[in-house]
Amino acid sequence: MSFHVVAQVSDIPVGQRKLVEVKGREVVIFNHEGEFFAILNRCPHQGAALCEGPLIGLAQSTTPGEIEYTKLGEIIRCPWHGWEFDVRTGQSYCDPRRFRVKAYAAHVEAGASVVKGPYVAETLNVSVENDYVVVDL
Ligand code: FES
């Protein structure tokens, strides 16, 4: 696994998405309430760009007449034929055993840990021995 810096956090506001390219693959990054998720921008049905679909929730029913609406903003609906995928896992709600969209791990790193400046000052080891400061060269 290799890590790729794809955007600044401020580039993807809460509830929004951003299409990026990583190693020749189009990947959609979602910001859901401050959590970031990434999926391949290709529907496994016929290849539509998932980044163009609406973010919706999941309607489920265990009893006739009662519908529970969960995962609000976590389901992307394909813009072509309406298949639905969980942006957290890539799972399909059309046929979960056969179809899923590739999901990638995404997380936030502090800027200082991923973007280092090009200039590094030379440092030397310094120690104190009996009341004298000693520098290693
Ligand atoms: S291309 Fe996505 S559901 Fe058909």
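Which strand gives the most to the lining of the largest pocket? The legends below start there.

This is a predicted model, in which local features need pLDDT of at least 70 and side-chain atom pairs count only at pLDDT 80 or more, while totals for chains, interfaces and linings use all residues. Residues are numbered from 1 along each chain as its sequence is written, and side-chain values use heavy atoms, with hydrogens and water left out.

**View 1. The largest pocket and its lining.**
Here the answer is β2, with three residues in the lining of the largest pocket. β2 (25-32), β3 (35-40) and α1 (111-114) each supply at least two lining residues; helices (H or I, at least four residues) and strands (E, at least two) are DSSP runs, numbered from the N terminus. The pocket is lined by 26 residues, and His4, Val5, Val6, Ala105 and His107 lie nearest its centre. A pocket is an open set of points on a 1 Å grid over the protein atoms alone, where a 1.4 Å probe fits, with protein on both sides within 12 Å along at least five of seven lines; lining residues have an atom within 4 Å of a point. Its volume is about 800 Å³, taken as the space filled by probe spheres set on the points, which are joined across faces, edges and corners. The lining divides into 18 nonpolar, five polar and three charged residues (nonpolar: Ala, Val, Leu, Ile, Met, Phe, Trp, Tyr, Cys and Pro; charged: Asp, Glu, Lys and Arg; polar: the others, Gly among them).

**View 2. The largest nonpolar core, with isoleucine 76 among its members.**
A nonpolar core is a set of buried Ala, Val, Leu, Ile, Met, Phe, Trp, Tyr and Cys residues joined through side-chain atoms within 4.5 Å. Buried means under 20% relative accessible area, exposed over 50%, and partly exposed in between (1.4 Å probe, protein chains only). This core has 15 residues, of which Phe30, Ile39, Cys43, Leu50, Ile76, Cys78 and Phe85 touch the most other members. Both β2 and β3 supply at least two of the core residues. Another core, of seven residues, lies apart from the largest one and includes Ile12, Val22, Val27 and Ala38. Look around isoleucine 76 and you will find contacts beyond four places in sequence, including Arg17, Gly53, Trp83 and Val87 (contact means heavy atoms within 4.5 Å).

**View 3. The aromatic pair of tryptophan 83 and phenylalanine 99.**
Rings of Phe, Tyr and Trp (its six-membered ring) pair if their centres lie within 6.5 Å; planes under 30 degrees apart count as stacked, over 60 as edge-to-face and the rest as tilted. The count by this rule is one aromatic pair. The ring centres of tryptophan 83 and phenylalanine 99 are 4.8 Å apart and the planes stand at 50°, so the pair is tilted. Tryptophan 83 sits in the loop between β5 (66-77) and β6 (84-86), and phenylalanine 99 in the loop between β6 and β7 (103-104), so the pair ties together parts that are 16 residues apart in sequence. Both tryptophan 83 and phenylalanine 99 are buried.

Glutamate 33 is exposed, with a relative accessible area of 65%.
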